[in-house]
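Thanks for coming, everyone. I will walk you through one structure today. Please have a look at it before I start.

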Amino acid sequence: MKERELESLRAQVDTCQRCKLREGCQRVVFGEGNPEASLMLIGEGPGAEEDKLGRPFVGRAGQLLDKILEACGFERFTHTYIGNIVKCRPPQNRIPTDEERLTCRPYLHRQIGIIEPKIIVLLGATALQGLIDPQAKITKARGNWLMWQGIWVMPTYHPAALLRNPQLKRPTWEDFKKVVAKYRELVDPNHYSANC
Ligand code: SF4
């Protein structure tokens, strides 16, 4: 049921031309994962690799994200659904404008409405500002649980930021440990992770 609803939304988004980002990208990157997942991850927008393949988080940052998930005992197609604030790649990987975020946001809201995750992890400032508060600062908000429309939300750093600044790996890992603890509390008390 959820899968069918997501596919119908995907068909709609695939033909979207509501903002200028569609003109400059190769593919719309809708999102992927388990439609029944209790854990949703939201990033900023597609980069070059994602644009080429039509899949989210498949470049270097995506590979790092997969490693973090693995350390937490999560696998992207089993435990998570991964999406972005905007579905089309901004030129030169620039940050999407407020207008682009607002224009694309109804699709993300609809995805969240279909998937009904219990936990959302916001990866980076754009995800935090795009979903929760345009003025929020990731350096202040990260690591602290927020409640948004009845869903537990954990903001943390974007994996691309960890590649640029390895010092952010430690705090990010602390944030993900909290996500694992919340997952055990809300979803599966027996969730296994060798690392936390
Ligand atoms: S970024 Fe979103 S709103 Fe803009 S064209 Fe792509 S799917 Fe449509």
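Let's begin at the ligand. There are 13 residues around it, and Cys-16, Cys-19, Arg-22, Cys-88 and Cys-104 come nearest. A residue is near a molecule here if its C-beta atom, placed from the backbone, lies within 6 Å of it. Two elements give two or more residues to this shell: α2 (21–24) and α6 (98–115). On those names: helices (H or I, at least four residues) and strands (E, at least two) are DSSP runs, numbered from the N terminus.

Before going on, keep in mind that this is a predicted model: local features need pLDDT of at least 70, side-chain atom pairs count only at pLDDT 80 or more, and totals for chains, interfaces and linings use all residues. Residues are numbered from 1 along each chain as its sequence is written.

What is the shell around the ligand made of: how many nonpolar, polar and charged residues? The count is eight nonpolar, two polar and three charged. For that count, Ala, Val, Leu, Ile, Met, Phe, Trp, Tyr, Cys and Pro are nonpolar, Asp, Glu, Lys and Arg are charged, and the others, Gly among them, are polar.

Take Arg-22. It sits in helix α2. Arg-22 has 14 C-beta neighbours inside 10 Å, so it counts as partly exposed. The scale goes like this: buried means 20 or more other C-beta atoms within 10 Å of the residue's own, exposed means 12 or fewer, and partly exposed is in between, with C-beta atoms placed from the backbone. Leaving aside neighbours within four places in sequence, Arg-22 is in contact with Cys-16, Gln-17 and Cys-88. Contact means that the two C-beta atoms, placed from the backbone, lie within 7 Å. The C-alpha atoms of Arg-22 and Pro-90 are separated by 8.6 Å, though the two are 68 residues apart along the chain.

Next, the core. In soluble globular proteins, nonpolar side chains tend to be buried together. A nonpolar core here is a set of buried Ala, Val, Leu, Ile, Met, Phe, Trp, Tyr and Cys residues joined through C-beta atoms within 7 Å. The largest one has 43 residues. Met-40, Ile-42, Ile-119, Val-121, Leu-122 and Val-179 have the most contacts inside it. At least two residues of this core come from each of β2, α4, β3 (80–84), α6, β4, α7 (125–131), β6 and α10. Which element gives the largest share? That is β4, with five residues.

Look at Ile-119. Not counting residues up to four places away in sequence, Ile-119 touches Ser-38, Leu-39, Trp-152, Met-154, Val-179, Lys-182, Tyr-183 and Leu-186.

Now helix α10, residues 169–186. Its 18 residues should span 26 Å at 1.5 Å a residue, and its end C-alpha atoms are 25 Å apart, which agrees. The expected span is 1.5 Å times one less than the number of residues. Thr-172, Phe-176, Val-179, Val-180 and Tyr-183 are buried in α10. Seen down the helix axis, the buried residues of α10 fall within an arc of 100°, so they line one face. That arc is taken over the directions from the helix axis to the C-beta atoms. On the face turned away from the buried side, α10 carries the exposed residues Arg-170 and Ala-181. And the cover over its buried residues? What provides it includes β2 (39–43), α4 (60–71), β4 (119–123), β6 (151–156) and α9 (159–164).

Tyr-183 is one of those buried residues of α10. It has 22 C-beta neighbours inside 10 Å. Among its contacts beyond four places in sequence are Leu-39 and Ile-119. Tyr-183 and Ser-38 are 145 residues apart along the chain, yet their C-alpha atoms are separated by 8.2 Å.

Compare helix α1, residues 2–14. Of its 13 residues, the number buried is one, so α1 lies largely in the open.

Most residues other than glycine have a negative phi. Gln-92 has a positive phi, near 55°. Gln-92 is in the loop between β3 and α6, and it counts as exposed, with 7 C-beta neighbours inside 10 Å. Glu-116 also has a positive phi, near 50°. Glu-116 lies in the loop between α6 and β4, and it is partly exposed, with 14 other C-beta atoms within 10 Å.
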